[in-house]
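Please go through the terms below and set each value against its criterion.

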Amino acid sequence: MRPRLRAMLGKAQPLARAMRPAGALWVSTSSKTERKKVMFPGALNSVYTHDLRFASSVESIPTYQVMDTNGNVLDTANEPQVSREEAQQMYRNMLVLNSMDQVLYEAQRQGRISFYMTSFGEEALIGSAAALDSSDVVFGQYREAGVLLHRGFTIEQFMNQCYSNERDLGKGRQMPVHYGTRELNFQTISSPLATQIPQAAGAAYALKREGKKRCAVCYFGEGAASEGDFHAGLNMAATLGCPVIFYCRNNGYAISTPAVEQYRGDGIASRGIGYGIDTIRVDGNDVWAVYAATRAARQLAVEHSRPVLIEAMTYRVSHHSTSDDSSAYRSRKEVEDWTTRDNPVARMRAWLERRGWWAVGDDAEIVKAAKTEVLRAFAAAERLKKPAVRYLFEDVYDRLTPELERERSEIEALARKYPDYYQVNDFARDN
Ligand SMILES: Cc1ncc(C[n+]2csc(CCOP(=O)(O)OP(=O)(O)O)c2C)c(N)n1
Ligand SMILES: [Mg+2]
């Protein structure tokens, strides 16, 4: 036997004892069976059993709810502790989000922007934004415009991005809805699914090492949780104790694939437990359940350096995107039923009305004001020029490489030679 292996085996007993969690004893039962803790380093809390049994599903993880679909708080202990202004702001943003979605969806249908994704049915996500600190770093997937809106991204900024004009913070390099803003700590959206998950774990680790009382917050869909990056990200966060909140929007579909065809386990929440991560499933259409869960998760992340997984159960009322027609894979009735039976916006309004914080007619006023603002910003964004052509070449290297310089001169020469073909007047002047 090789000396190293012999040394390891020789130490097996003390090693197992040393690894035994505090309070775990070698338990003797009344039968002959001894409930001994296993000594293998890979499963520290397991005990030996003599029953040949495969572990499969246990009880389904419950769904935390604060109010019912009519806006009644079900347990008075859970009554939200928020000011009237905060609650009204959350609700107002739900309405503004809806208005913006309607206008931009139509704009795409008219061919004025190339692509769009709406958040209909998932408006309660705003509850999570309200529970965060503005210094927390957000990594989104693409259906998190509500979070951005609540952080203070202006309607003009949304419009400029969707139009890829010269005021777009991304300098026209991304598809519509791929927002990002350094000022609001919102990392730019990237289309390849789940890439943001390990990035969020890594960013959270950096925040921990810097000793900052901030966390990373990572949003993704249940479809994205099928990607390898989901598993890499969660495991990294668990083993390194990263202050990150993983927020899974389980809206029942990954484009045309319903959740029932995506997995056999107990949703996405069961996977968090598998990785040793504190996990909660919430009613994702209940803005107060979302708010309370995110607040508690933030505390665990920031005060105790623990990753948390929130699985928010919701329903995607909208088509996946403007490139999708969901009537091809689900009935219109299914969608209509959801909209009427469980509508996050109506639930929040009912709660506000019950408190006397919202009056009949207030909605119409807000929606009218929001529509006017959206249409004004929309018209202004449409009039602006496209970003200067030089941005095609910049921001990858500190200085342009000789090849990039050559390509840049070449395209400038071509644009000068064929101004009509290259529509040079549509682009901002080089500055
Ligand atoms: C790596 C990768 N594979 C596939 C796609 C195509 N795609 C874009 S969105 C999407 C569905 C994602 O569903 P989910 O994560 O549940 O988010 P939802 O759209 O429901 O909000 C797919 C398959 C992609 N963008 N990236
Ligand atoms: Mg989904």
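The questions that follow concern confidence and helix packing in a predicted model.

Q: What pLDDT does the protein chain average, and where does pLDDT stay under 50?
A: The protein chain of this predicted model averages a pLDDT of 91, with 91% of the residues scoring at least 70. Over residues 1-32, however, pLDDT stays under 50, and for this stretch the model has 14 contacts beyond four places in sequence.

Q: Why is helix 3 called roughly antiparallel to helix 13?
A: The axes of helix 3 (residues 84-109) and helix 13 (residues 344-355) come within 10 Å and cross at roughly 150°. Angles over 145 degrees count as roughly antiparallel, and therefore helix 3 is roughly antiparallel to helix 13. Their crossing is left-handed.

Q: What makes the contact of helix 3 with helix 13, and how do its residues divide into nonpolar, polar and charged?
A: Helix 3 contributes Ala87, Tyr91, Met94 and Asn98, while helix 13 contributes Val345, Met348, Arg349 and Leu352. These residues divide into 6 nonpolar, 1 polar and 1 charged.

Q: Why is helix 3 called oblique to helix 14?
A: Helix 3 and helix 14 (residues 362-383) pack at an angle of about 45°, with their axes 9 Å apart. Roughly parallel would need an angle under 35 degrees, and roughly perpendicular one of 65 to 115, so helix 3 is oblique to helix 14. The crossing of helix 3 and helix 14 is right-handed. Their contact includes Leu95, Val96 and Val103 of helix 3 and Ile366, Val367 and Phe378 of helix 14, and its residues divide into 11 nonpolar, 1 polar and 3 charged.

Conventions:
Residues numbered from 1 in each chain as written. Chains lettered and ligands numbered in written order. Predicted model: local features only at pLDDT ≥ 70, side-chain atom pairs only at ≥ 80, totals over all residues. pLDDT = per-residue confidence, 0-100. Contact = placed C-beta atoms within 7 Å. Axes fitted to C-alpha atoms, helices over the stretch in contact; angles between N-to-C directions. Helix = DSSP H or I, 4+ residues; strand = E, 2+ residues; numbered from the N terminus. Left-handed = near helix turned anticlockwise from the far one by under 90°. Nonpolar A, V, L, I, M, F, W, Y, C, P; charged D, E, K, R; others polar.
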